[in-house]
Amino acid sequence: MLWRKLLVPLTSLLLLLTASAGAGAAGASTGSLAGASAEAAAADYGAPGPYATAVEVGVVTTLYYPRDIATSDRRHPVIVWGNGTFAFPVVYRDLLLHWASQGFIVAAANTPQSNLGISMRAGIDLLTRRNADPGSPFHDRVDLEHIGASGHSQGGAAAIVVGADPRIDTILPIQPGPLADIDDVHVPALLLAGQKDSIVFPFLVKSFYDDADHIPAIYGELRGADHLTVVGDPGPFAAPTTAWFKAHLMGDQTARAQFFGAGCGICTDSGTWSDVRRNSLASR
């Protein structure tokens, strides 16, 4: 089909043009919230969290994590990330630092061709080794029992691919490309589309949602968002993605209420969402 032929080159060009903007806008996510408690910060999922952050750039994986993790009094859940076509983690730096400020360790694959999910799985392997190493600041501070997968565009498809890994507890594909099979996923999924996305059209994301009748699945279409809204300042993507991972990887019941139950917060927020759908397994 024509859209499949156009998807890779268009995404590659646009993401390359915006990479420098993503790198320059990240500073606001690195500090802690002055004068606010961790509980208050956690409830405002779109605001920077209570943790100062750090970045470690490796050959295969870039880590975004709470800066004082070595002295933390808790284990921190993991999010593995896949980039869009020809993009690198720096393009999504603001979003990844935002998650780190909320207490997550983000293992972002450095590859610009992430669809197979190999480098995303390598991020889990890396953190498994670091967690077991007494000389590492990550020693015994990585919550390997709670791991989520996310990514954008081609990386969104990769998050679906990696979702078949038994170590993954939930997936959050953002405007995922077509090369994935959600039938292999057996964990809850939040599938995000942009109302004005002309590269990965919303109906393509809905097709994944329609196929996900075997798992709790939610389709969310962000009002006014195009394919590059998540690049640089993540804007409307910051709060719902953080809440989803807080609900599934940290057991945050306030965050869970944004998506599940009769009071489903996103279901009535027509200012943020142009379309929200929940299948029967996610409507409980």
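Colleague: How do the axes of α3 and α7 cross, and within what distance do they come?

Modeller: In this predicted model, the axes of helix α3 (residues 93–101) and helix α7 (residues 238–249) come within 11 Å of each other and cross at roughly 40°. The angle makes α3 oblique to α7, because an angle has to be under 35 degrees to count as roughly parallel and 65 to 115 to count as roughly perpendicular.

Colleague: Is the crossing of α3 and α7 left-handed or right-handed?

Modeller: The crossing in which α3 passes α7 is right-handed.

Colleague: Which residues meet there?

Modeller: From α3, the residues are Leu95, His98 and Trp99; they meet Ala238, Thr241, Thr242 and Phe245 of α7. Of the residues in this contact, four are nonpolar, three are polar and none is charged.

Colleague: Let us change topic. How many disulfides does a search of the whole structure find?

Modeller: The search finds one disulfide. It joins Cys264 to Cys267, with 2.0 Å from S to S. A disulfide is a covalent bond between the sulfur atoms of two cysteines.

Colleague: What is the handedness of the link between Cys264 and Cys267?

Modeller: That link is right-handed, with 75° about the S-S bond.

Colleague: And is Cys264 buried or exposed?

Modeller: Cys264 counts as buried because its relative accessibility is 1%, and the cut-off for buried is under 20%.

Colleague: What about Cys267?

Modeller: Cys267 has 36% relative accessibility, so it counts as partly exposed.

Technical notes: Residues are numbered from 1 along each chain as its sequence is written. This is a predicted model: local features need pLDDT of at least 70, side-chain atom pairs count only at pLDDT 80 or more; totals for chains, interfaces and linings use all residues. Side-chain values use heavy atoms; hydrogens and water are left out. Axes are lines fitted to C-alpha atoms, for helices over the stretch in contact, and angles run from 0 to 180 degrees between N-to-C directions. Helices (H or I, at least four residues) and strands (E, at least two) are DSSP runs, numbered from the N terminus. Angles under 35 degrees count as roughly parallel, over 145 as roughly antiparallel, 65 to 115 as roughly perpendicular and the rest as oblique. A crossing is left-handed if the near helix is turned anticlockwise from the far one by less than a right angle, and right-handed if clockwise. Contact means heavy atoms within 4.5 Å. Ala, Val, Leu, Ile, Met, Phe, Trp, Tyr, Cys and Pro count as nonpolar, Asp, Glu, Lys and Arg as charged, and the others, Gly among them, as polar. A disulfide is a pair of cysteine sulfur atoms within 2.5 Å. Buried means under 20% relative accessible area, exposed over 50%, partly exposed in between (1.4 Å probe, protein chains only).
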